[in-house]
Amino acid sequence: MDLFLGRVLVKNNRDRDELDTEREIMAKLQNRIVLLFFASSKCERCQEFAPTLKEFFKLLMDPFYVERASQLVLITVPLDNTEEQLDKLLNKLPKWSLFLHHDDPYKKELGMKLSVEEIPTVVVLRPDCSILLPNAVQEISESGPDCFRHWQEAAEVIDRNFEMHVEFDDKKMRSVTDPIRKLKYKVEKKKKRRWLLGMWGGGGGGGGLQNAAADWPWRL
């Protein structure tokens with residue numbers, strides 16, 4: 001998971017434990033689908049979607065619902081400028097998820113690299129850091145945990161942990177639909193738009209994501 005090597009990820013727990021070594025980060029992210037949640041406490045839609053994302057994550061990770069936790073990691077990329085604002089957002093998210101510090105400059109670079117244009121956005125990444133889905137907010141809201149199985153098949157994740165209480169292992173059906181599913185989640189490389197650089201402070205003096213906590217001029 002080269003995207004986060006050399007970075008600091010923080011656990012959303014009471015102690016705010018940090019993962020800052022290559023060994024810790026690789027152990028946490030290797031062979032897992034990663035969800036990057038771009039959001040802010042000042043965004044009403046983000047606040048409304050956060051409980052849905054928490055429930056989605058719980059149904060896939062909580063031992064009460066699954067025999068073993070799914071190969072899934074949630075990382076929140078906050079667009080807030082203060083720790084107080086960040087805490088307000090994290091309070092609505094799972095305690096076993098991760099996040100970037102509110103003052104981490106890497107969150108800006110990450111948003112540009114993944115062409116994030118609106119919030120809330122949930123970018124779904126394969127284990128090799130390639131984009132499986134640029135924004136899964138609608139799919140998570142409509143399909144719930146079922147969409148994770150589709151992502152897992154499309155990403156060809158080695159399934160060592162995923163065992164739901166409800167048995168749905170129909171290999172014949174999976175073999176028929178698998179090519180269609182992979183085509184659905186195939187993401188073509190987008191041409192970078194000039195105004196997107198402005199959104200992240202790359203020029204033009206505009207507001208956008210760079211000044212998200214202050215002005216919120218777009219798609220909230």
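Visitor: Why is Asp-87 called partly exposed?

Guide: In this predicted model, Asp-87 has a relative accessible area of 24%, and because the partly exposed class lies between the buried limit of under 20% and the exposed limit of over 50%, Asp-87 is placed in that class.

Visitor: What makes the contact of Arg-16 with Asp-87 a salt bridge?

Guide: The closest N and O atoms of Arg-16 and Asp-87 are 3.1 Å apart, and since a side-chain nitrogen of Arg has to be within 4 Å of a carboxyl oxygen of Asp, the pair qualifies as a salt bridge. The two residues belong to distant parts of the chain, with Arg-16 in the loop between E1 and E2 and Asp-87 in helix H3 (residues 83-90), 71 residues apart.

Visitor: How do you know that Glu-153 is buried?

Guide: Its relative accessibility is 10%, and buried means under 20%, so Glu-153 counts as buried. Its salt-bridge partner is Arg-149, with the closest N and O atoms 3.3 Å apart, whereas the relative accessible area of Arg-149 is 21%, which makes that residue partly exposed. Both residues lie in helix H6 (residues 146-155), where a spacing of four residues means that about one helical turn separates them.

Terms used. Residues are numbered from 1 along each chain as its sequence is written. This is a predicted model: local features need pLDDT of at least 70, side-chain atom pairs count only at pLDDT 80 or more; totals for chains, interfaces and linings use all residues. Side-chain values use heavy atoms; hydrogens and water are left out. Buried means under 20% relative accessible area, exposed over 50%, partly exposed in between (1.4 Å probe, protein chains only).
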